[in-house]
Amino acid sequence: MSTESATQPKPSSNRFSGLTWVFALIPLILLGAVLAYLVATGGGLQDLAGPPVEHVSIERIVLPEHGVVEVEVINDGPQEVTIAQVVVDDAYWMFEAEPSNTLPRLGRATFTLPYPWVDEETHHIVLLSELGTAFEGEIPVAVITPKPSSDLFMRFGLIGLYVGIVPIVLGLLWYPAMRQMGRKAMNFILSLTVGLLVYLAVGTWLDAMEFAAELPAFWQGVPLVVFISLIALGALLAVGAVGRGSERTPLQLSYLIALGIGLHNLGEGLAIGAAYALGEAALGTFLVLGFTLHNITEGVGIAAPILKHNPGIKHFALLALLAGGPAILGTWVGGFAFDPVLATIFLAIGVGAILQVVWEVGKLVMRDSERHNESALNWLNLAGLVLGIAIMYFTAFFVKF
Amino acid sequence: MSDKVSRRNLLSGAGLTLLGGLGISALSKAQGAIRASGGNFDVGHQHETGHGNAMMIGTVDHEKNGFDPLQLLTDWDYGKVSTLPNGQTLREYQLIAVDKEIEIAPGIFFPAWTYNGRVPGPTLRCTEGDRIRINFVNAGTHPHTIHFHGVHPFEMDGVPGAGPGQLNVGESFVYEFDAEPFGCHHYHCHAVPLKRHIHKGLYGAFIVDPKEGRPPAREFMMMMNAFDTNFDGANEVYAVNTVGFEYARRPIPAKVGEKIRLYLINMVEFDPINSFHLHAEFFNYFDHGTTLEPTLKTVDTIMQVQAQRGILEFSYRWPGQYMYHAHVTEFTELGWMGQFNIVPEAQFEDALAAAGLDAEWDRRATNGFAIDNMPEVEDSEEEGEE
């Protein structure tokens, strides 16, 4: 009788009686018993154990100074691995392992080698396990890994400024000219914005996938990107939907666009900084020129929703900072302390944010067309969409390497 | 109004917080990375063995391995000696094929197929004209044979299709033939697939002394071999007598001025050419060891293809630790490098002790000819010289 009352919910009383707690805990206790049994006795599965499966991944190779190589390794295989010897360019080399050259599951270690690496030349590293399995890594172009110094901070910051803030401010400066446009032209500009955002969404997605593919298997990099993008998209849509009766204000839309673009630019900064740290980037004026052209459309896109309502100079400054500032931060992080997992996550968030904005701006155009009884997909809008994608695609010729 | 402001603030606040958090974690990671660098290495420090930091770390447990490379240099197997009715010396050897995991470099283990639990297999030594009888038992897990490099009838060739062909697990066979010609030869498994059966360790030296002997010398058997630990068709560890860099860790003692003779055999699989270079002296080379006159005079670098072998003779004028290694430099840096510790006569005993060697090792090195190591036989005309 008491069982029945415990399982039938009474809205106003506390459901969880003592008996319910017991029912909740029994499976947990049994689980604990099964785990203990498996750990203690092997559960009768010893014969199925099979030959050893070893796998480690080289996460990062740091060259802190001439004559020292640091190899950061993670054990992403199903069992413990001992690295017995290290080979650099087909020569066994002395090394020290911190904390130990035996890595437990999901364990990490840093192997420090007193190896006289040669500037700007390729070096190959092989880790040999106890069983003779070889795990390879490569230093494609050997350069000293950048250390945070005020000089380098300034330079990276300057890159971020040129890549992020300057183009967006320039794009925003078109605002006074664009204000004079008619309704159809505004829809054209909004469609252009959708086009550029679609390009950014695809680009950010592919960049995130590139990082994700290199992550150790247990991170499940590619599904991670999918989930984070969906969660970010859902969260932003929900934030918008909570407690609002009417549609989003134009300024909110601009901020959302700026956020999405900011996350994309964070990714761009990460890529630039990381490439520089690996010696793979020629950060010359040509590259910066390319980025300025490539990102100027982003300023136009941010300004597009607020053409009818001037929010004031303070908001323009904030929008530029939100959209362009992350490029500076990304270059710093990418150059000094690149972490592929965080990079993947932030780029995935960026994808979700951009997709959400595409949705919002698209809705704006469609609602306006509805109000005036015409099709949203007219030639002018389509031309805007295509032009947006085309400008981004062709200016990217200068910056993709 | 306040509604919209708060939502906007939330968004920008959240964004900035995210970026801020990222920045903080990044900076702390950067700090960590810098702290980890410049460890406890004195980058300019030269390792005792004189080749900087280009070394493996650690040592190999030879007791666990079951064989010691320093002993392999001189542990000639003369077999069980007796005399046949026709006066010919009969030598009976026992070879058992058995699987064994061996340590080929500090910390690196290799699943080897061995003759008698060691790689290389026993160094069979005899005099030209002796009757050789090898009792072979396959206690391994795959079919095996023994193929000798020498002159023998077809049934004794140890290849599939000759005589018993491949011996399956549990089978045995007696190979029997006369030892000729004299020289530095070897034997190996000839079962298929051939690369794998050779590469996994089924080989050993087969030294046939000329009847008239050779000039007295300190003799060492050196088998150049290599191991492909991840089975990708390329060797990861190179060595002489199986353990990478072993004679660099424990140099071979010898005396100033004495003649040193090497029985050098190349059993490195996968690489077309191996070579031998001696530091600071030149040597005479006897290709295959089948002549009493050198085939190459006064050279310091020779090459050997797989299964090629020869005898080197040289001596050192001054004391020191002299390197010898392949001049295929890739092999050198992957383990095929060793040293002689040449000391004056007066310091030789100490050098032996320091290397963990004894007078017996010294005797085997300097008095190794099969004819000088005959057992005492009561009714035989020959008596062992000791």
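1. Basis. The model is predicted, so local features need pLDDT of at least 70 and side-chain atom pairs count only at pLDDT 80 or more, while totals for chains, interfaces and linings use all residues. Residues are numbered from 1 along each chain as its sequence is written, chains are lettered from A and ligands numbered from 1 in the order in which they are written, and side-chain values use heavy atoms, with hydrogens and water left out.

2. Overall form of chain A. Chain A has 11 helices and nine strands; these are DSSP runs numbered from the N terminus, helices being H or I of at least four residues and strands E of at least two. Its radius of gyration is 27 Å, well over the 21 Å that the globule rule gives for 401 residues, so chain A is more spread out than a compact globule. The radius is taken over C-alpha atoms, and the rule is 2.2 Å times the number of residues to the power 0.38. The C-alpha trace spans about 80 × 75 × 35 Å along its principal axes.

3. Of its 401 residues, 48% count as buried (under 20% relative accessible area; exposed is over 50%, partly exposed in between, with a 1.4 Å probe and protein chains only). Among contacts (heavy atoms within 4.5 Å) between residues at least 6 apart in sequence, 75% join residues at least 24 apart.

4. Surface of chain A. The accessible surface comes to about 19,200 Å², and 68% of that belongs to carbon and sulfur atoms. Areas come from the Shrake-Rupley method with a 1.4 Å probe; for residues, only the protein chains shown count as cover. A nonpolar surface patch with about 1,000 Å² of accessible area together includes A:Leu25, A:Val34, A:Tyr37 and A:Leu48. Patches are made of residues with over 30% relative accessible area and no salt bridge, with like charges joined within 9 Å and nonpolar side chains (Val, Leu, Ile, Met, Phe, Trp, Tyr) within 5 Å. A:Val34 lies in helix 2 (residues 18-41) and is partly exposed at 47%.

5. Salt bridges. A:Glu59 and A:Arg108 form one at 2.9 Å, N to O. A:Glu59 is in strand 1 (residues 57-65) and A:Arg108 in strand 7 (residues 108-113) of chain A, so the pair ties together parts that are 49 residues apart in sequence. A:Glu59 is partly exposed at 27%, as is A:Arg108 at 46%.

6. A buried pair in chain B. The closest N and O atoms of B:Arg125 and B:Asp209 are 3.0 Å apart in a salt bridge. The pair links strand 5 (residues 121-127) with strand 10 (residues 203-209) of chain B, and both residues are buried.

7. B:Thr74. This residue sits in the loop between helix 3 (69-72) and strand 1 (76-77) of chain B and is buried at 0% relative accessibility. Leaving out residues up to four places away in sequence, B:Thr74 touches B:Glu219, B:Phe220, B:Trp361, B:Arg364 and B:Ala365.

8. B:Cys184 is buried at 0% relative accessibility.

Key. A salt bridge is a side-chain nitrogen of Lys or Arg within 4 Å of a carboxyl oxygen of Asp or Glu.
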